[in-house]
Amino acid sequence: IGVGGREIGYLFGQYKRLRNSYDAGVLTGKGLAWGGSLVRTEATGYGTVLFAQSMLATKGQTLEGKKVAVSGSGNVAIYAIEKAQQLGATPITFSDSSGYVVDEAGVDLDLLKQVKEVERGRVADYVSRRPGSRLVTEGRPWDVPVDVALPCATQNELDGDDAATLLRQGCAVVAEGANMPSTPEAVEAFLGAGILYAPGKAANAGGVATSALEMEQNAGRTRWDFATAEEKLTAIMADIHDSCVAAAEEYGRPGDYVLGANAAGFTRVADVMIAHGIV
């Protein structure tokens, strides 16, 4: 939380000083002027939404026209909002530790970026400049009726009661942008209801995947343009989604992305260990 290009720059600068060596691949999320990759900032948020879109496609649906609740207001949340808007959805919430904002007309992304990325302000600063939006200091974004929920803030931010509220109000898709944002009780509720639920280990893998793409560019001493990097991210997220679906079906739980993600990851590691003589 709160780690962006500036902080990575400080870390890399100290690493370089201590090592007296310029090892570009040792850290990712670097600035573009010194080995960073386009799309790295956007990757986790973009990837989460792309995964949600892939889940909906299995039901013959898209994000077009759907209302979306997003928590957080850092990189993951901001760029989940951006990609959701690009795909025709209407994100209407975001949050920070002071509360959450509801903007029924749809989040003004330019204003949100100005407040959070440029001014490093609070969500109340958005409300003060956005007529029709409101700040809620009690409760959570999951109290707002939506079609899709994207928890993108922090661990354990969505509990069993929140899950019950989302389900009661008709939410049909949950994709985790943060790491383990749903408590075990919430996960159990989502699985029991049979909605489209993607755990973070699958849905938010776009960030670490693009870190690997950044290291690939560092190794080749090259830089891809935005479209190329985004195309590779999109392909990776589609492959992760399809691997989860295939594993869930293979192990008798079609549509269970939790089992699918666990089984796909485990079998991949196990297969490599066996190939290496379990060394």
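Predicted model: local features only at pLDDT ≥ 70, side-chain atom pairs only at ≥ 80, totals over all residues.
A crossing of two helices is left-handed if the near helix is turned anticlockwise from the far one by less than a right angle, and right-handed if it is turned clockwise.

Take α6 and α7 to begin with. Helix α6 covers residues 160–168 and helix α7 covers residues 184–193; the two pack at an angle of about 30°, and their axes lie 7 Å apart. Angles under 35 degrees count as roughly parallel, and that makes α6 roughly parallel to α7. As for handedness, α6 and α7 cross in the right-handed sense. On the α6 side the contact is made by G160, A163, L166 and L167, while α7 brings in E185, A186, A189, F190 and A193. Sorted by type, the residues of this contact of α6 with α7 come out as seven nonpolar, one polar and one charged.

Now for α2 and α3. Helix α2 (residues 43–57) packs against helix α3 (residues 75–86) at about 45°, and the axes are 7 Å apart. That angle makes α2 oblique to α3. The crossing of α2 and α3 is right-handed. From α2, the residues T44, G45, Y46 and V49 meet V76, Y79, A80, E82, K83, A84 and Q86 of α3. In the contact of α2 with α3 there are six nonpolar residues, three polar ones and two charged ones.

Next come the charged pairs. Side chains of opposite charge can pair when their charged atoms come close. The structure holds 14 salt bridges, and R130 takes part in a salt bridge with D103, where the closest N and O atoms are 2.7 Å apart. This pair links distant parts of the chain, 27 residues apart: R130 sits in the loop between α5 (123–129) and β5 (134–136), and D103 in the loop between β4 (99–102) and α4 (109–118). With a relative accessibility of 1%, D103 counts as buried. R130 also meets D108 in a salt bridge, at 3.7 Å from N to O. Because R130 lies in the loop between α5 and β5 and D108 in the loop between β4 and α4, this pair ties together parts that are 22 residues apart in sequence. D108 is partly exposed, at 25% relative accessible area.

Another salt bridge joins R140 to D162, with 2.5 Å between the closest N and O atoms. Here R140 lies in the loop between β5 and β6 (148–150) and D162 in helix α6, so the pair ties together parts 22 residues apart in sequence. The two partners can be compared by accessibility: R140 is partly exposed at 31%, whereas D162 is buried at 8%.

Setting aside neighbours within four places in sequence, A261 is in contact with P199, K201, A202 and C244. E249 is twelve residues away from A261 along the chain, and the C-alpha atoms of the two are separated by 12 Å.

Notes: Residues numbered from 1 in each chain as written. Heavy atoms only, no water. Axes fitted to C-alpha atoms, helices over the stretch in contact; angles between N-to-C directions. Helix = DSSP H or I, 4+ residues; strand = E, 2+ residues; numbered from the N terminus. Parallel < 35°, antiparallel > 145°, perpendicular 65-115°, else oblique. Contact = heavy atoms within 4.5 Å. Nonpolar A, V, L, I, M, F, W, Y, C, P; charged D, E, K, R; others polar. Salt bridge = Lys/Arg side-chain N within 4 Å of Asp/Glu carboxyl O. Buried < 20%, exposed > 50% of the residue type's maximum accessible area, 1.4 Å probe, protein only.
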